[in-house]
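Here's a quick briefing to read with the model open beside you.

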Amino acid sequence: MEQTVNTERKWWGGGRSPFNLEYGKLMMWYFLMSDAFTFGAFLISYGTVRLSSNSWPDPNAVFNSFPFMGHANLPLAFVSLMTFILIISSVTMVLAVHEGHKMNKAGVIKWLAWTIIGGLAFLGCQAWEWTHLYHQNAWWGSNPFMNIDGSVSSTNFTNFFFTITGFHGFHVFSGVIINIIMLIMTWKGVFDNRGHYLMIEKAGLYWHFVDLVWVFVFLAFYLI
Amino acid sequence: MEHNPVSSEVTFVHHVSDADFKKKVRKTTILLSVITVIELAIGLIIYNMHKGEHPSEFLITLFKGVVCILTLAKAFYIVSVFMHLGDELRNMIMTIVVPLLLFVWFIGAFLWDGGSYRNLRNSYDPHHVERTAPSKDAHKAAGHHTEAQKPGVAN
């Protein structure tokens, strides 16, 4: 794939984009890279504080509830559902971008709508989880859970949990808004008139990034 | 080579057929789901080990390490297939991936720092050690939210 020093293709000789990418899409990539550092800083500070503590609450004992299941002990079940919702909505976004390549307006509308539904479902799950924890007296500055070794836990656990999942949830929310705007624009034929569906690709990059971040949030808060 | 309507400076190379693309997406979806299921299984194993009498610290750390590696594999597939970074020019991939290498230092340095702070406090701050010691009547499974328990003081 070393095409940079090819006599037929002088990528850096002017007249063509060196990265063969449209400006807006390239800038979306760089924005996502900077956003990755923001999330990285959050998650790493969480790791630092957790490692500096002698003990920490057990995520499986904290996140063990499921809607309509009463007090049944179901560790990891609800967050698995959330994870799968996000993975599937990422797949439908891939299909929407693909239909965009083929200039298939109906296909883009169909898959984009499914992606929005997936995003809303995820936000609904997160709202339920936050409400449930709030009723257990967990919030910023308030931690009702014990450490795994039985010692009293500091509020670091809930502070980091609500800050980081909240920041991610805000990304999901803005992603859903962006996708809704894209759906309306597709509906009105803006991209057909423009002759390309590159905006769908850029919205898709953002949406996949939200899924990518969740993979790490899931790891940091629920699995380890 | 077809010309992109955006600008003549950008040329798309789409030599993937529709069927091949769908197959790749399906394969990646199944892969991500299977990895997630394995992660969940390991998570439940860790949960049950903690419930046991003498959980092996080594095994738990090992399982957690495996989950971290599986997560990195998931991240790789999302970025390279779903976000199509794998299909871009090599120079473009490098401008994204090389700056992210800072994370190697970032994670290593800060986690080390956290561990060091913990050791220093345990060595030189008797009050901290006393405050974070498990209480005698609390060897039942952690996580029970005791309503009477005052929320802990921030460190």
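What follows is a short tour of the chains, the core, the helix packing and a few individual residues.

Keep in mind that this is a predicted model. Chain A has 7 helices and 0 strands, while chain B comes to 5 helices and 0 strands. The two chains meet through 69 residues of chain A and 63 residues of chain B.

**The two chains**

- Going along the sequence of chain A, you'll see the pattern α-α-α-α-α-α-α.
- The C-alpha atoms of chain A take up a box of roughly 70 × 40 × 25 Å along the principal axes.
- Chain A has 224 residues, and 42% of them count as buried.
- If you take the contacts in chain A between residues at least 6 apart in sequence, 67% link residues at least 24 apart.
- Chain B reads α-α-α-α-α from the N terminus on.
- Of the 155 residues in chain B, 12% are classed as buried.
- For chain B, 46% of the contacts with a separation of 6 or more come from residues 24 or more positions apart.

**Where chain A touches chain B**

- On the contact count, 69 residues of chain A face 63 residues of chain B.
- Helix 1 (23-51), helix 2 (59-62), helix 3 (77-101) and helix 7 (198-223) of chain A each put at least two residues into the side that touches chain B.
- That side of chain A is made up of 31 nonpolar, 32 polar and 6 charged residues.

**The largest nonpolar core**

- The largest nonpolar core has 64 residues, and the ones touching the most other members are A96(A), F218(A) and L219(A).
- Setting aside neighbours within four places in sequence, A96(A) is in contact with V108(A), W111(A), L112(A), T115(A), I200(A) and G204(A).

**Helix 3 of chain A against helix 4 of chain A**

- These two helices, helix 3 and helix 4 of chain A, pack at an angle of about 160° with their axes 8 Å apart.
- Because of that angle, helix 3 of chain A is roughly antiparallel to helix 4 of chain A.
- The crossing of helix 3 of chain A past helix 4 of chain A is left-handed.
- Sorted by class, the contact between helix 3 and helix 4 of chain A has 16 nonpolar, 7 polar and 2 charged residues.

**Helix 3 of chain A against helix 1 of chain B**

- Helix 3 of chain A also packs with helix 1 of chain B, at an angle of about 170° and with the axes 11 Å apart.
- The pair formed by helix 3 of chain A and helix 1 of chain B is therefore roughly antiparallel.
- The class breakdown for the contact of helix 3 of chain A with helix 1 of chain B is 7 nonpolar, 6 polar and no charged residues.

- V79(A) sits in helix 3 of chain A.
- Is V79(A) buried or exposed? V79(A) is buried, because 24 other C-beta atoms lie within 10 Å and the cut-off for buried is 20 or more.
- Not counting residues up to four places away in sequence, V79(A) touches F63(A), F218(A) and Y222(A).
- V79(A) and N179(A) are 100 residues apart in sequence, and their C-alpha atoms are 24 Å apart in space.

- Most residues other than glycine have a negative phi.
- F68(A) is not a glycine, yet its phi is positive at about 65°.
- You'll find F68(A) in the loop between helix 2 and helix 3 of chain A, and F68(A) is exposed, with 5 other C-beta atoms within 10 Å.
- N137(A), also not a glycine, has a positive phi of about 80°.
- N137(A) belongs to the loop between helix 4 and helix 5 of chain A, and N137(A) counts as partly exposed, with 15 C-beta neighbours inside 10 Å.

Notes
Residues numbered from 1 in each chain as written. Chains lettered and ligands numbered in written order. Predicted model: local features only at pLDDT ≥ 70, side-chain atom pairs only at ≥ 80, totals over all residues. Contact = placed C-beta atoms within 7 Å. Helix = DSSP H or I, 4+ residues; strand = E, 2+ residues; numbered from the N terminus. Nonpolar A, V, L, I, M, F, W, Y, C, P; charged D, E, K, R; others polar. Core = buried A, V, L, I, M, F, W, Y, C linked by C-beta atoms within 7 Å. Axes fitted to C-alpha atoms, helices over the stretch in contact; angles between N-to-C directions. Parallel < 35°, antiparallel > 145°, perpendicular 65-115°, else oblique. Left-handed = near helix turned anticlockwise from the far one by under 90°.
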